[in-house]
Amino acid sequence: MIKFFRKIRQKLLVDNRFNKYLLYAIGEIILVVIGILIALQINNWNTNRIEKNKNKELLIKLTKELDYNIQRAHFIDTVQGGFQTRKIYTDSILSLIVKGIQPEDLNYLTKEAIFYVNTFNLNSTVFQELKNTGSLYSLGTDSLVTQIQTYYQLCERESFYNLQYSEECIYLRRQCYDGFINFRQLYHLDAKTAIKDNPWIFNSKSKKTIHLRQYASRVSNQSNLMSYKLKNIMVESKKLKELIAKELNSYD
């Protein structure tokens, strides 16, 4: 092809047809420019296609991470010993203290631990990958990127608050070491001896019973609040999944 164009140019020069040669040269330049533009367009299209496929894979991974967080939040809120069941249990203990604990209440009162730390342990691995690789800001629309950042900030903040409130419950539990915690352990070993050595358990005004009431009350409030926060995380997870689904649909 190059030889063919070279022969045309040489023939025009030999024949002294300079004007036609000039027009031909301009036309050839235009063809070269068009060829370059087409090559650039193809390269851009290929780059966009690769970026689009990459973003699609990341959005799918992000959706799976949200699914995990929904399942995790639901589990620690509803499982036996989770926030909802702990709320019911501690409210029952408070009711028993108000009416006055009776011997027949002790099996229920001591059946399980009032509190232990339930960490949220929500996953943010994909989000951290997006931030560390710089892929977050090219993932989709500005509103989607903002929503993703807001969601993971929410998860981090609520996880932090859970640990902070748990510290308050742990502090109040320490106040019960010489009282209810010790009584509960002894009761499971020897119920009669435990009752005999700890008559305060039936006295709602005793210092140790007051500590138990304060402890159960704080755990009840913390459980109720954390249950609410987990439900909100599940709602926000589903909202973000819907936004991601819309972004994925725009790829089709």
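How many helices and how many strands does the chain have? The chain has nine helices and zero strands; both are DSSP runs numbered from the N terminus, a helix (H or I) having at least four residues and a strand (E) at least two. Along the sequence the pattern therefore reads α-α-α-α-α-α-α-α-α.

Before the details, a word on the source. This is a predicted model, in which local features need pLDDT of at least 70 and side-chain atom pairs count only at pLDDT 80 or more, while totals for chains, interfaces and linings use all residues. Residues are numbered from 1 along each chain as its sequence is written, and side-chain values use heavy atoms, with hydrogens and water left out.

Let us begin with the chain as a whole. Of its 252 residues, 37% count as buried. Buried means under 20% relative accessible area, exposed means over 50%, and partly exposed lies in between, with a 1.4 Å probe and protein chains only. Contact means heavy atoms within 4.5 Å. Among contacts between residues at least 6 apart in sequence, 76% join residues at least 24 apart.

I turn now to the nonpolar cores. A nonpolar core is a set of buried Ala, Val, Leu, Ile, Met, Phe, Trp, Tyr and Cys residues joined through side-chain atoms within 4.5 Å. Which members of the largest core touch the most other members? They are Leu62, Phe120, Ile148 and Ile244, in a core of 30 residues. At least two residues of this core come from each of helix H2 (18–78), helix H5 (125–133), helix H6 (142–174) and helix H9 (207–249). Apart from it lies another core, of 25 residues, which includes Ile97, Leu106, Ile114 and Phe180.

Most residues other than glycine have a negative phi. Asparagine 121, however, has a positive phi, near 50°, and with 49% relative accessibility it counts as partly exposed.

Next comes helix H5. Its buried residues are Val126, Phe127 and Leu130. After the helix comes glycine 134, with a positive phi near 75°.

Helix H2 contains asparagine 69. Is this residue buried or exposed? Asparagine 69 is buried, with a relative accessible area of 0%. Leaving aside neighbours within four places in sequence, its contacts are Leu122, Asn123, Tyr151 and Ser237.

That brings us to the aromatic rings. A search of the whole structure finds eight aromatic pairs. Rings of Phe, Tyr and Trp (its six-membered ring) pair if their centres lie within 6.5 Å; planes under 30 degrees apart count as stacked, over 60 as edge-to-face and the rest as tilted. Tyrosine 151 and tyrosine 152 form an edge-to-face pair, 4.9 Å centre to centre with 85° between the planes, and both are buried. The rings of phenylalanine 160 and tyrosine 161 have centres 6.0 Å apart and planes at 55°, so this pair is tilted. Phenylalanine 160 is partly exposed at 48% relative accessible area, and tyrosine 161 is partly exposed at 32%. Ring pairs also link Phe127, Tyr151 and Tyr152 into a cluster.

Finally, consider helix H7 (residues 177–189). Where is its kink centred? The kink, of about 30°, is centred on phenylalanine 183; the bend at a residue is the angle between axes fitted to the seven residues ending there and the seven starting there. The buried residues of H7 are Gly179, Phe180, Ile181, Phe183 and Tyr187. These pack against helix H4 (106–109), H6, helix H8 (191–197) and H9.
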